[in-house]
Amino acid sequence: MAKIKSNVPFNGTPEQEQKLNEIIAQHKNEKGALMPIMQKAQDIYGYLPVEVQIIIAEALNVPLSEVYGVSTFYSQFALVPKGENVISVCTGTACYVRGAKLIVEAVGKELGIGLGKTTADGKYTFQETRCLGCCGLAPVMVVNGEVHGRLVASDIKRIISAIK
């Protein structure tokens with residue numbers, strides 16, 4: 001298989017690899033095994049590094065491109081580790097119309113990173129999401145699973161300070 005380089009150092013442990021191999025062994029002969037194996041691999045590692053995708057591809061005897069294609073097609077999969085704190089701003093229609101762009105700018109400024117990025121210290125991941133079903137509270141931001149609604153840019157510093 002071709003060697004693919006990643007900008008993110010891989011820090012997998014032997015215990016994690018053992019768990020992954022056990023999962024693969026449990027599901028290997030099932031039809032449609034790729035998705036459940038990838039989901040459980042992400043649970044084990046917190047994301048799907050190239051090294052883990054290679055293990056999965058080789059164990060299932062599928063091309064690495066197939067594993068990579070699935071991991072990049074479905075938004076549930078992450079190719080880089082997420083931070084300790086995940087901040088998601090809804091940019092769906094209702095939130096966008098009610099000022100999500102200003103919220104995105106304020107969060108980016110407060111964290112010093114752009115959308116889809118994680119701070120260098122690994123503390124914060126900043127991402128956008130589409131409709132969260134909270135349109136009546138627009139614009140909405142989710143911080144570590146907690147919904148914050150009816151936001152204005154000046155709210156952001158206080159909300160992020162609460163998790164620092």
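The legends below describe close-up views of a predicted model.

Local features need pLDDT of at least 70 and side-chain atom pairs count only at pLDDT 80 or more, while totals for chains, interfaces and linings use all residues. Residues are numbered from 1 along each chain as its sequence is written, and side-chain values use heavy atoms, with hydrogens and water left out.

View 1. Pro139 sits in the loop between β3 (124–129) and β4 (141–143); strands (E, at least two residues) and helices (H or I, at least four) are DSSP runs numbered from the N terminus. Its relative accessible area is 4%, so Pro139 is buried (under 20%; exposed is over 50% and partly exposed in between, with a 1.4 Å probe and protein chains only). Beyond its neighbours within four places in sequence, Pro139 has contacts (heavy atoms within 4.5 Å) that include Cys95, Arg98, Ile103, His148 and Leu151.

**View 2. The rings of Phe10 and Tyr45.** Rings of Phe, Tyr and Trp (its six-membered ring) pair if their centres lie within 6.5 Å; planes under 30 degrees apart are stacked, over 60 edge-to-face, and the rest tilted. By this rule there are two aromatic pairs. Phe10 and Tyr45 have ring centres 5.8 Å apart and planes at 40°, so this pair is tilted. Phe10 lies in the segment before α1 (14–27) and Tyr45 in helix α2 (residues 34–45), so the pair ties together parts 35 residues apart in sequence. Phe10 is partly exposed at 29% relative accessibility, whereas Tyr45 is buried at 11%.

**View 3. The rings of Phe73 and Tyr74.** This aromatic pair is edge-to-face, at 4.9 Å centre to centre and 85° between the planes. Phe73 is exposed at 64% relative accessibility, and Tyr74 is partly exposed at 36%.
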